[in-house]
Amino acid sequence: MVKVKICGITNWPDAKAALDAGADALGFNFFPPSPRHITAADAREIVRRMPRRASAVGVFVDEPAARVKELARFAGLHFVQLHGDETPRTVRELHPEFLVIKAFQVRRGFRIARLAPFAEAAAFLMDGFRNGLRGGTGNTFDWRVAREAKRYGAILVAGGITPGNVAQAIAEAEPFGVDVSSGVEARPGKKDARKIRALMRAVEAAQRKVA
């Protein structure tokens, strides 16, 4: 079963809409420049209301491991997602306490061997590239790259995924999961419940075809 993570959650109504639709995980962005930024205190209040079946993921960009641990503990996160230029050492420092998702932006010429040194990561997120942005790019990439990357571990596919193309992403990448933010938004930082439901229907339909 392909897992679905709805990222960029900033408020409880959006979180509830995603959970009610069947999302497996919610993503909380702790990168201040992002229009989807949320404080640890606000994220904590949402995480407290989440059902046990769903995972809370914190998105960080080039934060020291000690700071990531501090915020993750306070907010009650299950996963930490590293979306910057973090090193394998940072993953190792976090790994004993948290499951780590290491993100990579895929542009032309990307070498999947870059994933190899991050063996302690629980999963890898392959994202579209857009200059100056760390996630939420709205740009897709060649999903076949993600398929090849599966040799290094569980792969999440992100970047420009919408209800209209998620089935194609699943067919081409055969990922562990999909990570969607801008593709189910009314505007940056505000989700559209109808788009979330449409996404989940499309994922379910895609999985029936595979089965």
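In this predicted model, Asp192 counts as buried, because its relative accessibility of 13% falls under the 20% limit that defines a buried residue. Asp192 is found in the loop that joins β10 (190-191) to α7 (193-210), and its side chain reaches the backbone nitrogen of Arg194 at 2.9 Å. When neighbours within four places in sequence are left aside, the residues in contact with Asp192 are Val184, Glu185 and Ala186.

The strands β1-β2-β3-β4-β5-β6-β7-β8 form a closed barrel of eight strands with parallel pairing, in which the twist from one strand to the next averages 25°. One of these pairings joins strand β3 (residues 55-60) to strand β4 (residues 79-82), which run in the parallel sense and are connected over four bridges; within this pairing, Gly58 stands opposite Val80 in β4.

Helix α3 (residues 65-75) has as its buried residues Ala65, Val68, Leu71, Ala72 and Ala75. Seen down the axis of α3, these buried residues fall within an arc of 130°, and they therefore line one face of the helix. Such an arrangement can be read against the geometry of an α-helix, which has 3.6 residues a turn, so that residues three or four places apart point the same way. The buried residues of α3 pack against α2 (40-49), β3, β4 and α4 (88-94), whereas Ala66 and Arg73, on the other side of α3, are exposed. Just after α3, Gly76 takes a positive phi of about 80°.

Methods. Residues numbered from 1 in each chain as written. Predicted model: local features only at pLDDT ≥ 70, side-chain atom pairs only at ≥ 80, totals over all residues. Heavy atoms only, no water. Pairing = 2+ DSSP bridges. Helix = DSSP H or I, 4+ residues; strand = E, 2+ residues; numbered from the N terminus. Axes fitted to C-alpha atoms, helices over the stretch in contact; angles between N-to-C directions. Buried < 20%, exposed > 50% of the residue type's maximum accessible area, 1.4 Å probe, protein only. Polar contact = N/O pair within 3.5 Å; in protein donor to acceptor, adjacent residues only side chain to side chain. Contact = heavy atoms within 4.5 Å. Arc of directions from axis to C-beta.
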